[in-house]
Structures are given as structure tokens and as C-alpha cells.
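Q: I'm new to this structure and would like a close look at a single part of it. Could you walk me through it in a friendly way, and then show me a few other spots?

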Amino acid sequence: MSDAARTVLIAGTASHVGKSTVAAGLCRRLADAGYDVAPFKAQNMSNNARAVPRADGDGFGEVGVSQYVQARAAGVRPTTDHNPVLLKPRGDGESQLVIDGEAVANVAAGRYYDEWWESARDAVVAAHDRVAADADVVIAEGAGSIAEINLHHRDLANVETARIADADIVLTADVERGGVFAAIVGTLDLLPDDLRERVVGVVITKFRGDRTLLDDGIEAVEARTDVPVLAVLPYDDPDLPEEDSVSLPARGDRGVVGADDGVAPDRAVTVAVPRLPHASNVTDLEPLAHVPGVRVVYTPLVADLGRVGPNGGPADAVVLPGTKNTVDDLLAAREAGLGDRLRAADGPVVGLCGGYQFLGERIEGAAVEGTGDRDTVAGLGLLPVVTRFSPEKRVEPATWTVDGVDGPLANITGTVEGYEIHTGETRAIGPVRTPFAAPDGRSGAELGAAHERVLGTYLHGLFANRGARDAFVDATYASAGRERPAGTGERPSSYERAAALVEPIDLDPLFGPNV
């Protein structure tokens, strides 16, 4: 256990109660107050990952997106120490296990706990010690509910983190879902005695309406538990990337993001995102949803792209996101007839990472992914490229040059930044444009390829680049025959908005009156 820094664990009564947002906001708020702050999450489960430097300096590894965001909010360089254990779900109860940034095995839950948990815990202890040695405060994020009593003996993200780090605990509870007071009291009652003593306060999140309506309940909870409610936070979205797919619609449902920007429907465009069964890194789409006039519509794989718009109109563009199980999702897309519907659509089509591999003629060496014994699987056939899988996985940040002539990235030149997380290499087998080049000499279809209105690329984070985002939105508006509305001006950064959101939290019990 390190005593170099004070660790505060942001725990929750359940999943999706706002832990990631509160942690990011506190990272920025404390950094602004002059503290050296570092984020930490012992064990994360998410397919939304980022490529960051390994803590040992040997190349790059993966961490969950929430710790990447929190490190940026804290003003520190993200490393694999900020999230030493990452589980990336593959379906059927199995996950890819990533320790210290490196994928080490595909495991079911039972095998993980039997064969890997001790090694994972050792990695957590070492990572926290290194993070704490360079910080005044470590803001640790828990996972799910801290009251899962069936898991208390092997709960790395909550119970073990609190004990390893000698952490104070702030409990977050979501009022929007109802039952917030029962959730608070029940969670505190189910905690092990040593953790119960560490709880310094409760933060109620996502409240709408008259704050005084909660007063009687808060007084009763404080009297019953002797734990203060530090703040009631309003319902607000600071536009931080989502940690996982909880916020996505179910596979058979439709969901719209970005419709609250005040732009009239007849002046907006629709970007359809087919809901892949094992979609990953869907945070790639979030920058588009923040553009005035753009509606990102998640659609079932079988949806008619001619009728997915908010008013039953056609999709003006389509983006295929990444996927954790490329072969399985490609087979599902083919069975749904997605290739024919993409060919019949009129607007730009972009495939990101696994979505790029989908758009090609075929995938070779498909059995490498561990989803069957098939060696070759036909793609959707929109780009004349072929991908061959191999056991090696490329994980690294990327800064590429781009020269878009026409199509989805028309008239953009310069650089784009993001990251690569993928297996497989792609080569062209027909005439394509190759708009990207990397400093290491790679170019061509190995990075991405374009043909007419279709573009594929391995660059995650493409749309976080303003030039690429504007080029794609301009191309979508031009294809739809509409005039793009003027922007609404720059908003404060997501980190500053998160810090403002958590401003009501009384930090006196933790840091005294100076924060």
C-alpha cells in the first residue's frame, strides 16, 4: 500500500449512476485548485478503449476510455497504470483480458477468477503504487455497484481498491431511476464493516426539478446512516465519451443522438449507425452527434436505410463502427442484407476499423479471431480490399497525414490524430484512393482506402479531428441537397463542464475548506 497520495474512491449504488462523470469532474476541479491529480480504475469492463503509453515505457497498451478522459481532465499523460486491468467482452460470457495494457487471454468469468485474478490483483497493487507516488490525490473510479455481496471477496474495482489504497469512499446514486434513498441505505447496509467506515459522503446525481423536494428524504437518510449527502447534482451531460454500451439502444431498437440542438428537422441530416451485436469504440460517433444539424441514428441491422431518419426519411450517410467480434458481426450484417442496402444508399459510407474490414471483398485467416474454423469470410463488397487476420494486435496512438480528393473526406489536407487498436492487415486488390500516410512509412490500404462515396480506415478518433469531421458533414449535406446551418459557437470543454457539474460537491470532509 502506498502512502504517497490520498485516494478517493468514487463508488456507486449501481452501474451508469454517473461515477465516470463525477470522477472526471473532480479530476479537473482538483487540478484547477493546484493539486497533482491522477485517475485510477483497477478493473474496467468496456469495449471502448484507447491506446496509451505502457507504464514501463515499452510501447503502447489499452485502457478504458473513462480513464483516458479522466487523465486528460487531470492534465496528466494517460498510461496503462491508470487502468491496469481491462476486460473487453466478446459475447457468450467470455472477455478478452488485458493486463497492464497487453491482451493476455480470452477468458470466461470462472476461468478469470480461478486462473488470473491473483495476477490481476498484483498488477493493480503495483500500478496504484506507481500512480500514487507521483500524485497528491488519486481519484479512483469503482465499477457497477459496490454492494454486490456475491463478489466482495474478489471485487478489484471497489473492495480491493479501497483496501489497497486505504481510500476514502464517495458513494454516487442516481435519482432519475427512482428508489435513490433505498439504494443509498441498502448499499451502505451491505458494505463490509471496514468499507462502511471509509464512506465520507453521498452524491446524488441526475436530478431534475425542485431540489427542495429531496430535503425530507436526505434528512432521513443522514439520520439513519450518519453519512452526509455532499451534493445533489443536476441532470446534465458534459459530453464526455461513454464508457460502455449501456447508453446504446438494444440491438432491435432505434435510438437518436443529437436531436436537442435546436436545428429544425428539415435542415438536419441523418447519419445511420447499424447496431452491430458486438459494437466497440462507438465513442467514435460522439463528435458527430455534437455538430449542430447532425442526427446520429442507431438502427437495427435489418432496418431500411431509406426510412431511418427522424421523420421517416432516408439516411444521408452511414457509418459502420468498430466491433470486438469482426467475423461474427460481419456474418450478422450479411445475413441482414446490409451490403445491398449500403449499395442502394446515396450518401457517404464510412467504415471504422472493423467496419472498414466489413466493407472489403473478404477477410482471410478468419479463424484467428477464435469464432470458428472458417478461414475465409466474404465481406460486404463496397471496397476492393482484402483483410488478412493474424494473432498480432496493433495498439498505438496515430498521427497521420491526409489528402482527401473527393468522397467522404473531400478537400481536407493536413494531419489527423487518433489511435489504432486492431488485428489484421488490409491490402488493395483493385483501384482505390489511399488518402492516409503514417510517419513510419505505412500508407495505402494498410491505413485506409476510398472509392467514390465509400471510405474505410483503421483510425479510431477520425471524427474528433475538426477538419475530418467538417469534411464528412459537408459531404453529407451536399449529398442530401441541403445547406448546412451555421455553427452555434464554441462551448466550454467537456472537462470544464464536468468540473462545473461537480462544483456543488462539498469537499470539506476530504480536503478541508480550500477546494
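A: Let's start with Cys27, which has a relative accessible area of 0% and therefore counts as buried, the cut-off being under 20%. Keep in mind as we go that this is a predicted model. Another cysteine, Cys353, is also buried, at 7% relative accessible area. A disulfide is a covalent bond between the sulfur atoms of two cysteines. Searching the whole structure for such bonds turns up zero disulfides.

Helix H1 covers residues 19–32, and its axis comes within 7 Å of the axis of helix H13, residues 494–501. The two axes cross at roughly 95°, which makes H1 roughly perpendicular to H13. On the H1 side, the contact is made by Thr21, Ala24, Gly25, Arg28, Arg29 and Asp32. Facing them from H13 are Tyr495, Glu496, Ala498, Ala499 and Leu501. Sorted by class, this contact has five nonpolar, two polar and four charged residues.

Eight of its ten residues are buried, so H2 is largely enclosed by the rest of the structure. The buried ones are Val65, Ser66, Gln67, Val69, Gln70, Ala71, Ala73 and Ala74. Just after H2 comes Gly75, which takes a positive phi of about 80°.

From helices we can turn to strands. Gln96 sits in strand S7, which spans residues 94–99. With 11% relative accessibility, Gln96 counts as buried. Its side chain makes a polar contact with the side chain of Lys393, at 2.9 Å. Setting aside neighbours within four places in sequence, Gln96 is in contact with a number of residues, including Glu62, Leu86, Arg90, Asn106, Lys324 and, again, Lys393.

Glu417 belongs to strand S23, residues 413–428. Pro397 is 20 residues away from Glu417 along the chain, and the C-alpha atoms of the two are separated by 7.7 Å. Not counting residues up to four places away in sequence, Glu417 touches Ala398, Thr399, Leu459, His460, Gly461 and Asn465.

Note on methods
Residues are numbered from 1 along each chain as its sequence is written. This is a predicted model: local features need pLDDT of at least 70, side-chain atom pairs count only at pLDDT 80 or more; totals for chains, interfaces and linings use all residues. Side-chain values use heavy atoms; hydrogens and water are left out. Axes are lines fitted to C-alpha atoms, for helices over the stretch in contact, and angles run from 0 to 180 degrees between N-to-C directions. Helices (H or I, at least four residues) and strands (E, at least two) are DSSP runs, numbered from the N terminus. Angles under 35 degrees count as roughly parallel, over 145 as roughly antiparallel, 65 to 115 as roughly perpendicular and the rest as oblique. Contact means heavy atoms within 4.5 Å. Ala, Val, Leu, Ile, Met, Phe, Trp, Tyr, Cys and Pro count as nonpolar, Asp, Glu, Lys and Arg as charged, and the others, Gly among them, as polar. Buried means under 20% relative accessible area, exposed over 50%, partly exposed in between (1.4 Å probe, protein chains only). A polar contact is a pair of N or O atoms within 3.5 Å; within protein, one must be able to donate a hydrogen and the other to accept it, and residues adjacent in sequence count only if both atoms are side-chain atoms. A disulfide is a pair of cysteine sulfur atoms within 2.5 Å.
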